[in-house]
Amino acid sequence: MRIKDGFILREVAGKVIVVSVGEMAMKFKGMITLNSTAAFLWKKAETEFVKEDLVKALTDEYDVSDEDAKKAVDDFVETLSKQDLIEGIK
Amino acid sequence: MAYRIAGYVFDVKARYETVPRILESYRDDGIPEVTIEITQDDIEHERDLSKKIDPDSEHTDRYLESLALLRKLSICLLSKNTILMHGSAVAVDGEAYIFTAESGTGKSTHARLWRENLDKRVIMVNDDKPFLRVEEDRIVVCGSPWNGKHGLGENIEVPLRAICVLEQAKENHIERIDFTDAIPVLMQQIYIPTQEAYTAEKALELADRIYSGVDLFRLGANMEPEAAKLSYGTMSGR
């Protein structure tokens, strides 16, 4: 799975903001603000991934337990799926 | 014949005489960098967008043409580090203050309170849609012909002192805030053209430069003269 095309991510005054562009802007209105963990996961999830990839990336990058990383990834994927922002969900 | 807005010289090929009329005070002798052409398709596109916001809205082609020009000009201006903001911009002692909020909150009303109640000369830079030019070490608020339903604004440029998020309140109060305290309103009241990725990127870059540097306030205001005295006093530090 991966995050659908049509989003750009940029830091604005210390916060990471995501906006939809092109055709996606017609479907997905509004703006997403990400905390630093979510921004990290978002960048990894822009290309094809399975959940385990994200968990590994998190535990490699941050001082976090497997269990907490797994929960963070589950939450992240679930939030994005609910908004229909992920394609090829497994 | 050309026009200059926010330092950008351009010409327009419009279908109706409304556009040259509203641009009258922005005429310029310079050589236009570009000719902005408005087509019937552009006008229909504006009609579609207006209907999405309010299905019952009925606008003349003339009016929609001026909106189409604003949209195209705003996109051209991004390449000059200049972005459109929705707000009422006033100037005192050569410094500009912008009140921003959703339509109907009372931005224009508060700007009027400044004009009527401060012991200072208050100049309306633009009562609705000023342009902000981001320079190396300052941000400059620029007048535009899209100056709200009372037509308040001038063809002037004034350095920005502060941006103030306005809310209605029974008792007046004002606080200094961080960008994170008001992200939705601050991001919604600047124009981010999302049709193309590169224009959206550029708009976000400018938003970053504006909101990283400028003093931000949140004002809860009623319609009494004291509201103006409080907001001016706090933001100007005088």
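This is a predicted model: local features need pLDDT of at least 70, side-chain atom pairs count only at pLDDT 80 or more; totals for chains, interfaces and linings use all residues.
Colleague: OK, chain B. What domains does the assignment give?
Modeller: Domain 1 (2-80) and domain 2 (83-236); the bounds come from an automatic or database domain assignment. Their C-alpha centres lie 23 Å apart.

Colleague: And how many residues does each domain put into the contact?
Modeller: Twelve come from domain 1 of chain B and 14 from domain 2 of chain B. Two residues are in contact if their C-beta atoms, placed from the backbone, lie within 7 Å.

Colleague: Which element gives the most on the domain 1 side?
Modeller: That's α3(B), with five residues. Helices here are DSSP runs of H or I with at least four residues, strands are runs of E with at least two, and both are numbered from the N terminus. By class, that side of domain 1 of chain B has nine nonpolar, three polar and no charged residues. Ala, Val, Leu, Ile, Met, Phe, Trp, Tyr, Cys and Pro count as nonpolar, Asp, Glu, Lys and Arg as charged, and the others, Gly among them, as polar.

Colleague: What does α3(B) lie across?
Modeller: Helix α3 (residues 61-78) of chain B lies across β1, β2 (8-13) and β4 of chain B, at about 150 degrees to β4(B). Axes are lines fitted to C-alpha atoms, for helices over the stretch in contact, and angles run from 0 to 180 degrees between N-to-C directions.

Colleague: In what order do the strands of that open sheet run?
Modeller: The order is β3-β1-β2-β4 in chain B, four strands with mixed pairing. Strands pair if DSSP finds at least two bridges between them. β3 (27-28) and β4 (34-37) of chain B are at the edges with a single partner strand each, so one side of each has no neighbour in the sheet.

Colleague: How does β1(B) pair with β3(B)?
Modeller: Antiparallel, over two bridges. B:Ala2 stands opposite B:Asp28, and B:Tyr3 stands opposite B:Arg27. On the β2(B) side, B:Tyr3 has B:Phe10 as its bridge partner; β1(B) and β2(B) run antiparallel, joined by three bridges. Their hairpin has two residues between the strands, and B:Ala6 takes a positive phi near 55 degrees.

Colleague: Which residues of β1(B) are on its covered face?
Modeller: B:Tyr3 and B:Ile5, with B:Ala2 and B:Arg4 on the uncovered one.

Colleague: Switching to the core. How many residues are in the largest nonpolar one?
Modeller: 89, and those with the most contacts inside it are B:Val90, B:Ala96 and B:Ile98. The largest share, seven residues, comes from helix α6 (residues 197-213) of chain B. Both domains of chain B give residues to this core, so it lies between them. A nonpolar core is a set of buried Ala, Val, Leu, Ile, Met, Phe, Trp, Tyr and Cys residues joined through C-beta atoms within 7 Å. Buried means 20 or more other C-beta atoms within 10 Å of a residue's own, exposed means 12 or fewer, and partly exposed is in between, with C-beta atoms placed from the backbone.

Colleague: Is B:Lys149 buried or exposed?
Modeller: Exposed, because B:Lys149 has 8 C-beta neighbours inside 10 Å. B:Lys149 sits in the loop between β10 (139-142) and β11 (157-168) of chain B.

Colleague: Last bit, the chain contact. How many residues come from each chain?
Modeller: 16 from chain B and 14 from chain A. On the chain B side, α6(B) gives the most, with eight residues. That side divides into nine nonpolar, four polar and three charged residues.

Colleague: And in chain A, how are β2(A) and β3(A) joined?
Modeller: Strands β2 (residues 7-12) and β3 (residues 15-20) of chain A run antiparallel, joined by six bridges. They form a hairpin with two residues between them, and A:Ala13 in the turn has a positive phi of about 45 degrees.

Definitions and conventions:
Residues are numbered from 1 along each chain as its sequence is written. Chains are lettered from A and ligands numbered from 1 in the order in which they are written.
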